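Here is a quick briefing to read alongside the model. Please have a look at the chains first, and then we can walk through them together.

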Amino acid sequence: MKKWSFRVTAILALILSLSVLAGCSGDKGGTLKEKKITLIYTFSTNTLDPAVDKRYMALRSGILETLVRVDNASMKLTPWLASSWQTTDGSHWEFTIRDGVKFHDGSPLDAQAVKISLEKLTAANKGLKNNLKIASMEAQGQKLLIVTTENHPGLASELAHPQTAIIKAAAPSPDTKPIGTGPYMVEKFQPNAQIDLVKNHQYWDGKVNLDKVAFMTNEDANARLMALQSGDADIIMKPASESLKTISANPKLQVDAVKGISRVHNVIYNCKRPLMVDASFRKGLDALINRQEIVNTVLMGQADAAQGPFVKEYPFAPDYSAHAFGLEKALEYFKEGGYPVVNNQVLGKDGNHLKLKFISYTAQPEFPAITQMIQDNAKKLGIQLTIQLVDNIDDYLIANEDWDLSMYSVFAVPRGDARYYLNTFIAPGAAYNYARITNPQLGGIIQKYNVELDEKQRNELTRQATEIIDKENYISYILFPKITSAYNKRVTGWSTDPLEYYVITKNLDVSAP
Amino acid sequence: MNRLKRKLLETVAFLFLLTVISFFLIKLAPGDPVRNILGAEDLVVTQAQIDELRKEMGLDQPLYLQYAHWFGKLTQLDLGKSITTHRDVVTEIVRVVPATLTLALSSLLVMSVIAFPLGILSALYRGSLVDKFANVFSLFGTSIPGFWLGLILIDLFAVRLGWLPTMGIGKISHLVLPSLTLGISMAPPYIRLLRASLIESMQKDYIRAARARGIGPVHIFFFHILRDSLLPVLTLFGVSLGSLLGGTVITEVLFGYPGLGSLAVTALLKKDYAVVQGFLLFMGIIAFAVNSLMDQFYRLANPAISIKEVEQR
């Protein structure tokens, strides 16, 4: 028995050793002279075709460029592939395409190429077709003349949308190897995993510093962090808040956090519900939101408290009224609305205890904690908020009427102006008007805004609309999350883009070892 | 031949039922892909545009008509196009199958390398240190969640030792950590099953008879004991292979490894109905293929099954 057991053991040991040896045949390395970095982004894409890719990876990774871009310093639209644009009436536009720009294949960029690219885009993408509202286009050398189906003062802003990025329409495989004008070209694309990029030697806007970039994706914040710590990654986007201290403690690594200028977390009130019809009641609930505490404890400082939908640096943001937190303040509002208060407990007008349905979701990881903090404060005044987590917040808020308030996060300023937010979330009858706002004054202002050509007037109209939202408290704006990244200090020229559109740029470089 | 025909008919009926149930379940969930298609996350979308597109896509029709339309195309081997990439569903699935298959097979290899030696040794040396180690390993392997194990392995082999990459796809080294994660998580039931099965086989009369006839111990072990013990292990193997081919979302996400699991979850979240239906159909076919394969392996491992079938006829 012992003898044959020994023989079997010996055979098994041999198999095990061979397997271990085979498994350890890893490979690491690369050319020493080659300047290369690896960036890990938060979510992936399975196509690079800008017409269908809603992750905008071809723009983010520096392959494609748009006619217009959003300048994060001035927070205004600035020229990119179009050197200038003008309109006299909002319906007839003239875009001048920049001279000397070449596609990755060496062919020149002219108005005809832009026209074909936009035609291809609008044929494949209904959403952009509806937003661009192009009736006709005419190419004259470097001049592109666009006529819109209606007065469309926001056209330049729409042409900063990442999906309007200009692509060589005749490229054989735009989904895996789009040909654009950006500082980097696609070497290899592995859907939902990695884009290998190489330098575009004939880039129109100056020297591209790096030879190669690996643009990887991983949804797991821990995995991204460990990739940075191991040296597999040079830059990672959105490290988890709780890991920032660990990263900062590492002398080789650096955290970069920039003020969020686009996304805002908020609480939406369903103004069709009996209690929510009353502005005083909504204001009472608003006073139960301790914005600064949420920023400090839940977001660990990686956010700025919000008083309205737009950060105050935007020229169209008004001077918001202060939304002070406090149980006393909340009680004042409830009393003002005629709600009986007995022993600091707010009751309904019929004398019953108040019960409200509070919707939340986990796609924003901080929401459950924020929801609970608001619930706790409401409980102190005898208001019972029953939290319900849903999988798809948009589907739920549209299809159901039985909720009173809901957490939400919105990309309020995606392209430097308020057009998207006002028309999608605020205008009466808008597709995402979850608050069920029916205010005719607000509707009138937004209609005026949509056809107003003068920028100052548009800003003024945005301010007026925002002030009404603020006064009526249809929505409680809580915070603007900061956009964070972390990188190895050998990387130079990195700055976190608050819109996350222009991630890979020609300025990225690595210092000598 | 009759057996094969019957099996094929059963499979077709099963696949048909699968498509009906899954189609209705997916469609009955609230919401549809229209807002996503129109890019409502950062583009102005009106209710009229939503209604128009919904009509254009036939999403306003009764469910049975939508299913009939989908099934009609299926009979022409057309699974439709993905709403997110505009590519054929078959192309979408075929694209990720090699990565999924590679990960599945390498994970099974890792599992086998761990489970077979430990299972066999713990059966051969009952109560010994190896047996105790196998016990503890099984306990830990079963208790540790896959994603946590993955993080521990990344921390050890990539961050601290720097031997392996943390994530990625394309090189053999990229496969090691996800395969280890899945292989270690899968191994415990195999170890326990193999051990119990081997112990039972070793006590059978024909093994004692073989020893009495002077047949070599290695020959007896590999050609009689192990062969006899493999039947329950093969059943479990079939289940593991089927589930691995269906995708391992958590491991795929953690290691940035794009496989079928990620494809299916993304399609579900975006309500990309055509891809979800295609995926479920593919999984049905995989289940049939794996079952048939295991059926054949049973016969190879134990020819008595085929002999009994012939006798019954």
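This is a predicted model: local features need pLDDT of at least 70, side-chain atom pairs count only at pLDDT 80 or more; totals for chains, interfaces and linings use all residues.

Residues are numbered from 1 along each chain as its sequence is written, while chains are lettered from A and ligands numbered from 1 in the order in which they are written.

**Where the chains meet**

- In chain B, 52 residues are in contact with 55 residues of chain A (contact: C-beta atoms, placed from the backbone, within 7 Å).
- Several helices of chain B each supply at least two residues of this side, among them H5, H8 (172–202) and H10 (217–245) (helices are DSSP runs of H or I, at least four residues, and strands are runs of E, at least two, numbered from the N terminus).
- The largest share, six residues, comes from H5(B).
- By class, the side of chain B that touches chain A has 31 nonpolar, 15 polar and six charged residues (Ala, Val, Leu, Ile, Met, Phe, Trp, Tyr, Cys and Pro count as nonpolar, Asp, Glu, Lys and Arg as charged, and the others, Gly among them, as polar).

**Helix H5 of chain B**

- H5(B) spans residues 89–124, and its 36 residues reach 50 Å from first C-alpha to last, close to the expected 52 Å (1.5 Å times one less than the number of residues).
- At Val97(B) the helix bends by about 35 degrees, with Pro98(B) following within four residues (the bend is the angle between axes fitted to the seven residues ending there and the seven starting there).

**The six-stranded sheet of chain A**

- This open sheet has mixed pairing and the order S14-S20-S13-S19-S17-S18 (strands pair if DSSP finds at least two bridges between them).
- S14(A) and S18(A) stand at the edges with a single partner strand each, so one side of each is left without a neighbour in the sheet.
- S13(A) (263–269) and S19(A) (405–411) pair in the antiparallel sense over seven bridges, and Ser406(A) in S19(A) is the bridge partner of Ile268(A).

**The seven-stranded sheet of chain A**

- Here the order is S8-S9-S10-S1-S11-S21-S12, again an open sheet with mixed pairing.
- The edges are S8(A) (184–190) and S12(A) (253–258), each with a single partner strand.
- S12(A) runs antiparallel to S21(A) (483–488), joined by six bridges, and Val255(A) has Ala486(A) as its bridge partner in S21(A).

Note on methods
Two residues are in contact if their C-beta atoms, placed from the backbone, lie within 7 Å.
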